[in-house]
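User: Please take me through this structure one feature at a time, giving the general idea before the particular case.

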Amino acid sequence: MIERDYMDHALAWPAPTGPMLQSRYIEQSAGDKPLLFPIVEGLHRFQTRQDRMTQGSKPHDGGLIDDLAMMQSLTQQNVGRRRTLRLLFAAGGGAIITACGGGSGGTSSSSSGTSSSTSSTSSSSTSSSTSSTSSSSTGGTSSGSCIADPEETNGPYPADGSNSRSGTVVNVLDDTGVVRSDIRSSFGSSTTTASGLYTKLTITVVNVNGSCAPLEGYAVYIWHCDVNGKYSLYDYPAENFLRGVGVTDANGQVTFETIFPGCYDGRYPHIHFEVYPSLARATSYSNRLLCSQFAMPSATCTTVYATSAYSSSKSNFSGESISSDNVFGDNSTAQQEAMTISMTGDTTNGYTGTVTVGIAI
(Lines give C-alpha, C1' and ligand atoms only; values in the text may rest on other atoms or scores of the structure.)
Protein backbone atom coordinates (compact mmCIF):
# COMPACT_ATOMS: atom_id res chain seq x y z
CA MET A 1 0.00 0.00 0.00
CA ILE A 2 1.52 3.28 -1.14
CA GLU A 3 0.53 6.79 -0.16
CA ARG A 4 0.90 9.34 -2.96
CA ASP A 5 -0.13 12.87 -3.89
CA TYR A 6 -2.32 13.40 -6.98
CA MET A 7 -4.12 16.25 -8.64
CA ASP A 8 -7.86 15.59 -8.36
CA HIS A 9 -8.56 16.08 -12.08
CA ALA A 10 -5.96 13.47 -12.99
CA LEU A 11 -7.89 10.69 -11.25
CA ALA A 12 -9.94 8.14 -13.14
CA TRP A 13 -12.02 7.32 -10.05
CA PRO A 14 -13.96 9.07 -8.87
CA ALA A 15 -14.23 11.79 -11.55
CA PRO A 16 -14.31 15.06 -9.56
CA THR A 17 -16.20 18.01 -10.98
CA GLY A 18 -14.98 20.64 -8.55
CA PRO A 19 -11.90 22.89 -8.73
CA MET A 20 -8.43 21.33 -8.95
CA LEU A 21 -7.14 20.78 -5.44
CA GLN A 22 -4.11 18.92 -4.19
CA SER A 23 -5.18 15.77 -2.30
CA ARG A 24 -3.56 12.73 -0.81
CA TYR A 25 -4.60 9.26 -1.91
CA ILE A 26 -3.91 5.67 -0.93
CA GLU A 27 -2.87 3.45 -3.87
CA GLN A 28 -3.63 -0.26 -3.54
CA SER A 29 -2.51 -2.43 -6.43
CA ALA A 30 -5.18 -4.83 -7.72
CA GLY A 31 -3.86 -6.82 -10.62
CA ASP A 32 -2.63 -4.40 -13.25
CA LYS A 33 -4.95 -1.55 -12.17
CA PRO A 34 -4.23 0.67 -9.15
CA LEU A 35 -7.17 1.54 -6.91
CA LEU A 36 -7.01 5.06 -5.47
CA PHE A 37 -8.76 6.19 -2.25
CA PRO A 38 -8.77 9.75 -0.89
CA ILE A 39 -7.40 10.49 2.55
CA VAL A 40 -9.58 13.05 4.30
CA GLU A 41 -7.43 15.11 6.62
CA GLY A 42 -9.05 15.52 10.02
CA LEU A 43 -12.25 13.65 9.04
CA HIS A 44 -11.35 9.98 8.80
CA ARG A 45 -8.65 8.26 10.79
CA PHE A 46 -7.59 5.04 9.15
CA GLN A 47 -7.61 2.29 11.73
CA THR A 48 -4.48 0.28 12.44
CA ARG A 49 -4.35 -3.17 13.91
CA GLN A 50 -3.43 -1.50 17.22
CA ASP A 51 -6.66 0.56 17.09
CA ARG A 52 -8.80 -2.51 16.56
CA MET A 53 -7.14 -4.36 19.39
CA THR A 54 -7.65 -1.40 21.69
CA GLN A 55 -11.23 -0.55 20.60
CA GLY A 56 -12.45 -4.10 20.05
CA SER A 57 -14.02 -5.50 16.91
CA LYS A 58 -17.48 -5.27 15.49
CA PRO A 59 -18.80 -6.94 12.34
CA HIS A 60 -16.88 -5.40 9.45
CA ASP A 61 -15.10 -2.92 11.66
CA GLY A 62 -11.62 -3.61 10.36
CA GLY A 63 -11.17 -0.17 8.83
CA LEU A 64 -9.58 0.72 5.53
CA ILE A 65 -6.95 -2.02 5.52
CA ASP A 66 -9.58 -4.79 5.62
CA ASP A 67 -11.62 -2.97 2.99
CA LEU A 68 -8.62 -2.81 0.67
CA ALA A 69 -7.90 -6.46 1.27
CA MET A 70 -11.48 -7.28 0.35
CA MET A 71 -11.25 -5.23 -2.81
CA GLN A 72 -7.97 -6.87 -3.85
CA SER A 73 -9.49 -10.30 -3.30
CA LEU A 74 -12.55 -9.44 -5.37
CA THR A 75 -10.38 -8.04 -8.15
CA GLN A 76 -8.29 -11.19 -8.26
CA GLN A 77 -11.54 -13.13 -8.68
CA ASN A 78 -12.14 -11.14 -11.89
CA VAL A 79 -14.89 -9.06 -10.31
CA GLY A 80 -15.03 -5.72 -12.11
CA ARG A 81 -13.92 -2.57 -10.31
CA ARG A 82 -17.40 -1.02 -10.37
CA ARG A 83 -18.96 -4.21 -9.07
CA THR A 84 -16.22 -4.40 -6.42
CA LEU A 85 -17.26 -0.95 -5.20
CA ARG A 86 -20.93 -1.96 -5.14
CA LEU A 87 -20.09 -5.06 -3.13
CA LEU A 88 -17.97 -3.01 -0.78
CA PHE A 89 -20.88 -0.62 -0.18
CA ALA A 90 -23.26 -3.51 0.35
CA ALA A 91 -20.89 -4.91 2.98
CA GLY A 92 -20.83 -1.63 4.84
CA GLY A 93 -17.62 -0.26 3.37
CA GLY A 94 -19.52 2.80 2.16
CA ALA A 95 -18.31 4.47 5.32
CA ILE A 96 -15.09 5.28 3.50
CA ILE A 97 -16.94 7.36 0.96
CA THR A 98 -19.43 8.69 3.49
CA ALA A 99 -16.56 10.11 5.47
CA CYS A 100 -15.62 12.09 2.36
CA GLY A 101 -19.00 13.69 2.14
CA GLY A 102 -18.39 16.91 4.00
CA GLY A 103 -15.44 18.94 5.10
CA SER A 104 -12.46 20.67 3.62
CA GLY A 105 -9.58 19.84 1.36
CA GLY A 106 -9.57 17.78 -1.81
CA THR A 107 -12.49 15.63 -0.69
CA SER A 108 -14.64 18.70 -0.21
CA SER A 109 -14.04 19.52 -3.84
CA SER A 110 -15.11 16.03 -4.87
CA SER A 111 -18.17 16.16 -2.63
CA SER A 112 -19.04 19.59 -3.98
CA GLY A 113 -18.83 18.21 -7.49
CA THR A 114 -21.24 15.40 -6.61
CA SER A 115 -23.62 17.82 -4.90
CA SER A 116 -23.46 20.13 -7.87
CA SER A 117 -24.26 17.26 -10.20
CA THR A 118 -27.25 16.23 -8.09
CA SER A 119 -28.45 19.81 -7.89
CA SER A 120 -28.08 20.19 -11.63
CA THR A 121 -30.13 17.06 -12.26
CA SER A 122 -32.84 18.25 -9.91
CA SER A 123 -32.81 21.70 -11.44
CA SER A 124 -33.02 20.25 -14.94
CA SER A 125 -36.00 18.14 -13.96
CA THR A 126 -37.73 21.09 -12.33
CA SER A 127 -37.00 23.36 -15.26
CA SER A 128 -38.40 20.82 -17.67
CA SER A 129 -41.53 20.46 -15.59
CA THR A 130 -41.93 24.23 -15.31
CA SER A 131 -41.35 24.69 -19.00
CA SER A 132 -43.91 22.01 -19.73
CA THR A 133 -46.36 23.67 -17.35
CA SER A 134 -45.45 27.25 -18.83
CA SER A 135 -45.81 25.70 -22.24
CA SER A 136 -49.25 24.11 -21.18
CA SER A 137 -50.51 27.48 -19.82
CA THR A 138 -49.47 29.73 -22.72
CA GLY A 139 -49.48 27.05 -25.47
CA GLY A 140 -53.07 25.89 -25.08
CA THR A 141 -53.04 22.66 -23.10
CA SER A 142 -56.38 22.03 -21.44
CA SER A 143 -56.86 22.58 -17.73
CA GLY A 144 -60.18 21.03 -16.81
CA SER A 145 -62.62 21.99 -19.56
CA CYS A 146 -60.97 25.28 -20.56
CA ILE A 147 -57.92 26.24 -22.54
CA ALA A 148 -55.45 29.11 -22.19
CA ASP A 149 -55.68 31.63 -25.02
CA PRO A 150 -52.38 32.38 -26.75
CA GLU A 151 -50.99 35.90 -26.88
CA GLU A 152 -51.57 37.52 -30.26
CA THR A 153 -50.74 40.83 -31.88
CA ASN A 154 -52.97 43.83 -31.24
CA GLY A 155 -52.55 44.80 -34.88
CA PRO A 156 -52.10 48.29 -36.34
CA TYR A 157 -55.40 49.73 -35.05
CA PRO A 158 -55.61 49.04 -31.30
CA ALA A 159 -56.20 52.54 -29.88
CA ASP A 160 -54.88 51.28 -26.55
CA GLY A 161 -52.02 53.74 -26.20
CA SER A 162 -49.45 51.51 -27.88
CA ASN A 163 -49.18 53.42 -31.16
CA SER A 164 -49.96 56.74 -32.77
CA ARG A 165 -51.61 58.29 -35.81
CA SER A 166 -50.23 61.42 -37.44
CA GLY A 167 -47.83 61.82 -34.53
CA THR A 168 -50.50 61.59 -31.82
CA VAL A 169 -50.87 58.62 -29.47
CA VAL A 170 -54.25 56.97 -29.96
CA ASN A 171 -55.81 55.75 -26.71
CA VAL A 172 -59.57 55.34 -26.42
CA LEU A 173 -59.23 53.56 -23.08
CA ASP A 174 -58.91 56.79 -21.13
CA ASP A 175 -61.92 58.39 -22.82
CA THR A 176 -65.16 58.92 -20.90
CA GLY A 177 -67.85 56.75 -22.41
CA VAL A 178 -65.68 53.82 -23.52
CA VAL A 179 -67.18 51.57 -20.82
CA ARG A 180 -70.39 50.36 -22.51
CA SER A 181 -72.11 47.23 -23.72
CA ASP A 182 -73.46 48.55 -27.05
CA ILE A 183 -70.45 49.52 -29.15
CA ARG A 184 -72.21 50.03 -32.48
CA SER A 185 -72.18 53.84 -32.24
CA SER A 186 -69.48 56.38 -31.64
CA PHE A 187 -69.49 58.28 -28.34
CA GLY A 188 -68.35 61.76 -27.46
CA SER A 189 -68.39 64.31 -30.24
CA SER A 190 -69.91 61.86 -32.77
CA THR A 191 -72.86 59.52 -32.55
CA THR A 192 -72.46 57.81 -35.91
CA THR A 193 -73.68 54.20 -35.90
CA ALA A 194 -71.82 51.53 -37.85
CA SER A 195 -74.01 49.55 -40.24
CA GLY A 196 -74.00 45.77 -40.36
CA LEU A 197 -75.75 42.64 -39.06
CA TYR A 198 -76.57 42.80 -35.36
CA THR A 199 -74.38 40.54 -33.24
CA LYS A 200 -74.56 39.93 -29.51
CA LEU A 201 -71.35 38.53 -28.08
CA THR A 202 -70.94 37.09 -24.57
CA ILE A 203 -67.39 36.52 -23.39
CA THR A 204 -66.63 34.34 -20.37
CA VAL A 205 -63.25 34.84 -18.69
CA VAL A 206 -61.92 31.92 -16.63
CA ASN A 207 -58.78 30.95 -14.73
CA VAL A 208 -57.10 27.91 -16.32
CA ASN A 209 -54.97 27.52 -13.20
CA GLY A 210 -58.03 27.45 -10.95
CA SER A 211 -60.21 24.67 -12.32
CA CYS A 212 -61.65 27.07 -14.92
CA ALA A 213 -63.21 29.23 -12.22
CA PRO A 214 -64.90 32.40 -13.54
CA LEU A 215 -62.97 35.63 -13.05
CA GLU A 216 -65.11 38.45 -11.72
CA GLY A 217 -64.23 42.13 -12.00
CA TYR A 218 -61.88 41.79 -14.96
CA ALA A 219 -62.09 44.39 -17.72
CA VAL A 220 -62.35 43.31 -21.36
CA TYR A 221 -61.67 45.70 -24.22
CA ILE A 222 -62.77 44.65 -27.72
CA TRP A 223 -62.50 46.30 -31.12
CA HIS A 224 -62.95 45.27 -34.75
CA CYS A 225 -63.49 46.59 -38.27
CA ASP A 226 -66.76 47.58 -39.92
CA VAL A 227 -68.48 45.93 -42.90
CA ASN A 228 -65.86 47.42 -45.23
CA GLY A 229 -62.88 46.22 -43.22
CA LYS A 230 -62.10 49.72 -41.88
CA TYR A 231 -61.28 50.80 -38.33
CA SER A 232 -62.45 53.80 -36.35
CA LEU A 233 -59.87 56.30 -35.04
CA TYR A 234 -57.51 55.28 -37.86
CA ASP A 235 -59.40 54.90 -41.15
CA TYR A 236 -62.13 57.09 -39.63
CA PRO A 237 -60.28 59.52 -37.32
CA ALA A 238 -63.46 61.27 -36.14
CA GLU A 239 -65.23 58.04 -35.14
CA ASN A 240 -64.74 55.60 -32.27
CA PHE A 241 -67.49 53.07 -32.93
CA LEU A 242 -66.97 49.32 -32.63
CA ARG A 243 -64.78 49.79 -29.56
CA GLY A 244 -65.74 49.33 -25.94
CA VAL A 245 -64.84 48.07 -22.48
CA GLY A 246 -66.94 45.85 -20.22
CA VAL A 247 -66.43 44.29 -16.78
CA THR A 248 -67.01 40.61 -16.02
CA ASP A 249 -69.75 39.66 -13.56
CA ALA A 250 -69.82 36.91 -10.91
CA ASN A 251 -70.03 34.36 -13.72
CA GLY A 252 -66.95 35.81 -15.39
CA GLN A 253 -69.13 37.09 -18.23
CA VAL A 254 -69.36 40.34 -20.13
CA THR A 255 -71.68 41.00 -23.07
CA PHE A 256 -71.32 43.39 -26.01
CA GLU A 257 -73.76 44.39 -28.74
CA THR A 258 -72.00 45.03 -32.01
CA ILE A 259 -72.12 44.08 -35.71
CA PHE A 260 -70.66 41.13 -37.56
CA PRO A 261 -67.20 42.32 -38.68
CA GLY A 262 -66.26 42.44 -42.33
CA CYS A 263 -63.30 40.74 -43.98
CA TYR A 264 -60.40 42.65 -45.47
CA ASP A 265 -57.72 41.32 -47.76
CA GLY A 266 -54.94 39.36 -46.07
CA ARG A 267 -56.71 38.43 -42.82
CA TYR A 268 -59.24 35.91 -41.65
CA PRO A 269 -62.31 37.65 -40.07
CA HIS A 270 -61.62 38.42 -36.42
CA ILE A 271 -62.28 40.52 -33.31
CA HIS A 272 -59.45 41.88 -31.19
CA PHE A 273 -59.56 41.84 -27.41
CA GLU A 274 -57.49 42.64 -24.35
CA VAL A 275 -58.09 41.54 -20.76
CA TYR A 276 -57.18 43.73 -17.78
CA PRO A 277 -57.11 42.83 -14.06
CA SER A 278 -59.67 45.55 -13.25
CA LEU A 279 -61.49 48.49 -14.77
CA ALA A 280 -59.17 50.88 -12.93
CA ARG A 281 -56.19 49.31 -14.71
CA ALA A 282 -57.84 49.31 -18.14
CA THR A 283 -56.37 52.63 -19.19
CA SER A 284 -53.29 51.55 -21.15
CA TYR A 285 -52.04 48.49 -23.01
CA SER A 286 -49.14 48.21 -20.54
CA ASN A 287 -51.54 46.95 -17.85
CA ARG A 288 -53.15 44.17 -19.84
CA LEU A 289 -52.98 40.52 -18.83
CA LEU A 290 -53.71 39.17 -22.29
CA CYS A 291 -53.97 40.44 -25.83
CA SER A 292 -55.48 38.04 -28.35
CA GLN A 293 -58.14 37.63 -31.05
CA PHE A 294 -61.39 35.81 -31.69
CA ALA A 295 -62.03 34.09 -35.02
CA MET A 296 -65.44 34.28 -36.67
CA PRO A 297 -66.97 30.88 -37.60
CA SER A 298 -66.35 30.06 -41.24
CA ALA A 299 -69.87 28.86 -42.08
CA THR A 300 -71.41 32.01 -40.62
CA CYS A 301 -68.94 34.18 -42.54
CA THR A 302 -69.98 32.53 -45.79
CA THR A 303 -73.64 33.24 -45.03
CA VAL A 304 -73.15 36.81 -43.83
CA TYR A 305 -70.79 37.83 -46.62
CA ALA A 306 -73.33 36.68 -49.20
CA THR A 307 -75.55 39.64 -48.21
CA SER A 308 -75.34 42.93 -50.09
CA ALA A 309 -74.04 44.88 -47.07
CA TYR A 310 -70.86 42.80 -47.05
CA SER A 311 -70.19 42.72 -50.80
CA SER A 312 -66.47 43.53 -50.50
CA SER A 313 -66.00 40.97 -47.74
CA LYS A 314 -67.27 38.13 -49.92
CA SER A 315 -64.38 38.31 -52.37
CA ASN A 316 -61.81 38.92 -49.63
CA PHE A 317 -63.02 35.92 -47.63
CA SER A 318 -62.89 33.52 -50.57
CA GLY A 319 -59.13 33.17 -50.25
CA GLU A 320 -58.92 33.02 -46.46
CA SER A 321 -58.96 30.20 -43.92
CA ILE A 322 -58.17 30.03 -40.23
CA SER A 323 -55.37 27.52 -40.81
CA SER A 324 -53.60 29.74 -43.35
CA ASP A 325 -54.13 33.01 -41.47
CA ASN A 326 -50.95 34.76 -40.33
CA VAL A 327 -52.28 35.04 -36.77
CA PHE A 328 -54.45 31.97 -36.10
CA GLY A 329 -52.54 29.66 -38.43
CA ASP A 330 -49.63 28.91 -36.10
CA ASN A 331 -51.88 27.80 -33.24
CA SER A 332 -52.94 24.24 -32.51
CA THR A 333 -56.30 22.90 -33.63
CA ALA A 334 -57.50 23.01 -30.02
CA GLN A 335 -56.48 26.64 -29.72
CA GLN A 336 -58.16 27.59 -32.99
CA GLU A 337 -61.37 25.93 -31.86
CA ALA A 338 -61.27 27.69 -28.50
CA MET A 339 -60.63 31.05 -30.16
CA THR A 340 -63.53 30.63 -32.62
CA ILE A 341 -66.84 32.14 -31.52
CA SER A 342 -69.80 29.78 -31.36
CA MET A 343 -72.71 31.45 -33.15
CA THR A 344 -76.38 30.95 -33.74
CA GLY A 345 -78.81 33.11 -35.69
CA ASP A 346 -79.53 34.26 -39.21
CA THR A 347 -79.18 37.24 -41.48
CA THR A 348 -82.70 38.42 -40.64
CA ASN A 349 -82.63 38.47 -36.85
CA GLY A 350 -78.93 38.77 -36.29
CA TYR A 351 -76.52 36.52 -34.44
CA THR A 352 -75.69 35.54 -30.89
CA GLY A 353 -72.19 34.41 -30.09
CA THR A 354 -70.39 32.95 -27.09
CA VAL A 355 -66.71 32.36 -26.43
CA THR A 356 -64.52 31.55 -23.44
CA VAL A 357 -61.22 33.22 -22.69
CA GLY A 358 -58.78 31.25 -20.56
CA ILE A 359 -56.15 33.09 -18.55
CA ALA A 360 -53.50 31.57 -16.27
CA ILE A 361 -53.78 33.50 -12.99
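Predicted model: local features only at pLDDT ≥ 70, side-chain atom pairs only at ≥ 80, totals over all residues.

Analyst: Cys301 is buried, with a relative accessible area of 0%, where buried means under 20% relative accessible area, exposed means over 50%, and partly exposed covers what lies in between (1.4 Å probe, protein chains only). Residues are numbered from 1 along each chain as its sequence is written, and side-chain values use heavy atoms, with hydrogens and water left out.

User: How many disulfides does a search of the whole structure find, and which cysteines are joined?

Analyst: In general, a disulfide is a covalent bond between the sulfur atoms of two cysteines; the search looks for a pair of cysteine sulfur atoms within 2.5 Å. The whole structure holds 1 disulfide, which joins Cys146 to Cys212 with an S to S distance of 2.1 Å. With -90 degrees about the S-S bond, the link of Cys146 and Cys212 is left-handed. The pair ties together distant parts of the chain, 66 residues apart, with Cys146 in strand E5 (residues 146-147) and Cys212 in the loop between strand E8 (198-207) and strand E9 (213-214). Cys146 counts as buried because its relative accessibility is 6%, and Cys212 counts as buried because its value is 13%.

User: Where is the nearest cysteine sulfur to Cys225, and where is the nearest one to Cys301?

Analyst: Cys225 is in no disulfide, and the nearest cysteine sulfur, that of Cys263, is 7.9 Å away; Cys225 counts as buried because its relative accessibility is 1%. Cys301 is likewise in no disulfide, the nearest cysteine sulfur being that of Cys263 at 7.2 Å.

User: Which residues have the most contacts inside the largest nonpolar core?

Analyst: In soluble globular proteins, nonpolar side chains tend to be buried together. A nonpolar core is a set of buried Ala, Val, Leu, Ile, Met, Phe, Trp, Tyr and Cys residues joined through side-chain atoms within 4.5 Å. The largest one has 40 residues, and those with the most contacts inside it are Ile203, Phe260, Phe294 and Val357. Elements giving two or more residues to this core include E8, strand E12 (253-259), helix H6 (298-304) and strand E16 (350-359); E16 gives the most, with 4 residues. Leaving aside neighbours within four places in sequence, Val357 is in contact with several residues, among them Ile203, Val205, Phe273, Leu290 and Phe294. A second, separate core of 17 residues includes Val170, Val178, Phe187 and Tyr231.

User: Is Glu151 buried, partly exposed or exposed, and which residues does Glu151 touch?

Analyst: Glu151 lies in the loop between E5 and strand E6 (160-165), and counts as partly exposed because its relative accessibility is 47%. Not counting residues up to four places away in sequence, Glu151 touches Arg288, Leu289, Leu290 and Cys291. Glu151 and Glu274 are 123 residues apart in sequence and 9.7 Å apart in space, C-alpha to C-alpha.

User: What is phi of Ser166, and what is phi of Cys212?

Analyst: Most residues other than glycine have a negative phi, and most peptide bonds are trans. Phi of Ser166 is near 55 degrees, a positive value in a residue other than glycine; Ser166 is found in the loop between E6 and strand E7 (168-171) and is exposed, with a relative accessible area of 69%. Phi of Cys212, the disulfide partner of Cys146, is positive too, near 60 degrees.

Note on methods. Contact = heavy atoms within 4.5 Å.
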